[in-house]
Amino acid sequence: MARKRRLLLLGGTGEALRLARELDGSSRVHCISSLAGRTDHPVLPPGEVRIGGFGGRPGLVTYLMNEGIELVLDATHPFATQICHHAQKACEDLGIPRAKLVRPAWVPSPGDRWTVMPDIAAAAAFLRVHPARRIFLTLGRQDLAPFVPLAGANDGDPGDGRWFLIRMIDPPDPDTPLPPGEVILGRGPFRPEDETALMRQHHIELLVTKNSGGSAAKIAAAAELHLPVLMIDRPPLPPGEILRSVGEALAWINLHAV
Ligand code: NAP
């Protein structure tokens, strides 16, 4: 029987999980799923799993060599820029085939009230001059710092300050500074009707989100409530092959696992 090709699957997304499930038991590929270790209780894929950073690009090069990795499928989140660039460079250095699986971005529908922001800092700066006071932040806990100085950033009236509904997967560390408001915990996918109810319940006036793509329940809810959305644009990808679905990724793996 032919030897299985050793595949590193960079994960942390639903797509990576689905891929690992598809590849479990494959006769052609031995899949090693890699997670950053950001969440306290990650959903673990089947098969071999490693957790934690590699130690930058040099650490990743060492790992790829030591583990005899022959293929790299980067299925990390569209906003996980560092690991994506490290993987591109490391694979280029070692001549290992690599591709990036990126789910399609959301696009506005007629009637949607989006303002596209180049990055998170720009979104926080924009809020300083926006009249919305009750703001739904659906960002990672590592993205909240630019919003903290908005506490009391008002027109001199303390009662006019902004209030944030902050959704994250895990509770923030107790010493992490947060914008003023309330933290709620939740892991998607969410249902549009629940998102609408949540936004209504908290009298939300504006949604801040990254253009992650995938389940668009909060986008649909904002549209239904005619709420403005600050849509944070995706960072640029490094050069290399782009795959748009789990099916395309499986085809790419099968093509290279010969
Ligand atoms: P990042 O900025 O690109 O990565 C920061 C560092 O985390 C990397 O340099 C690497 O550490 C480590 N890392 C990231 N992904 C890894 C993986 N799959 N396996 C091993 N190490 C990994 O990424 P991030 O934005 O912090 O996201 C971390 C993880 O969460 C990613 O795997 C991503 O798929 C997932 N995620 C991110 C978002 C988001 O909005 N950014 C949303 C949902 C899920 P070393 O330099 O030490 O190798």
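This briefing covers a strand, a loop residue and a helix in a predicted model. Residues are numbered from 1 along each chain as its sequence is written. In this predicted model, local features need pLDDT of at least 70 and side-chain atom pairs count only at pLDDT 80 or more, while totals for chains, interfaces and linings use all residues; side-chain values use heavy atoms, with hydrogens and water left out.

**Strand β8**
- Strand β8 spans residues 163-168; strands (E, at least two residues) and helices (H or I, at least four) are DSSP runs numbered from the N terminus.
- Because 5 of its 6 residues are buried, β8 is largely enclosed by the rest of the structure; buried means under 20% relative accessible area, exposed over 50% and partly exposed in between, with a 1.4 Å probe and protein chains only.
- β8 pairs with β7 (residues 134-138) in the parallel sense over 4 bridges, where pairing requires at least two DSSP bridges between two strands.
- In that pairing, F164 of β8 is the bridge partner of I135.
- β8 also pairs with β9 (residues 181-185), in the parallel sense over 5 bridges, and L165 stands opposite E182 in β9.

**Residue S212**
- S212 lies in the loop between β10 (206-210) and α6 (217-224).
- The relative accessible area of S212 is 12%, so S212 is buried.
- Leaving aside residues up to four places away in sequence, S212 touches H77, P78, F79, R103, W106 and R234; contact means heavy atoms within 4.5 Å.

**Helix α7**
- In α7 (residues 246-256), V246, A249, L250, W252 and I253 are buried.
- They cover an arc of only 160° around the axis, so they lie on the same side of α7; the arc is that of the directions from the helix axis to the C-beta atoms.
- The buried residues of α7 pack against β1 (5-10), α1 (14-23), β2 (29-35), β4 (71-74), β5 (98-101) and β12 (241-243).
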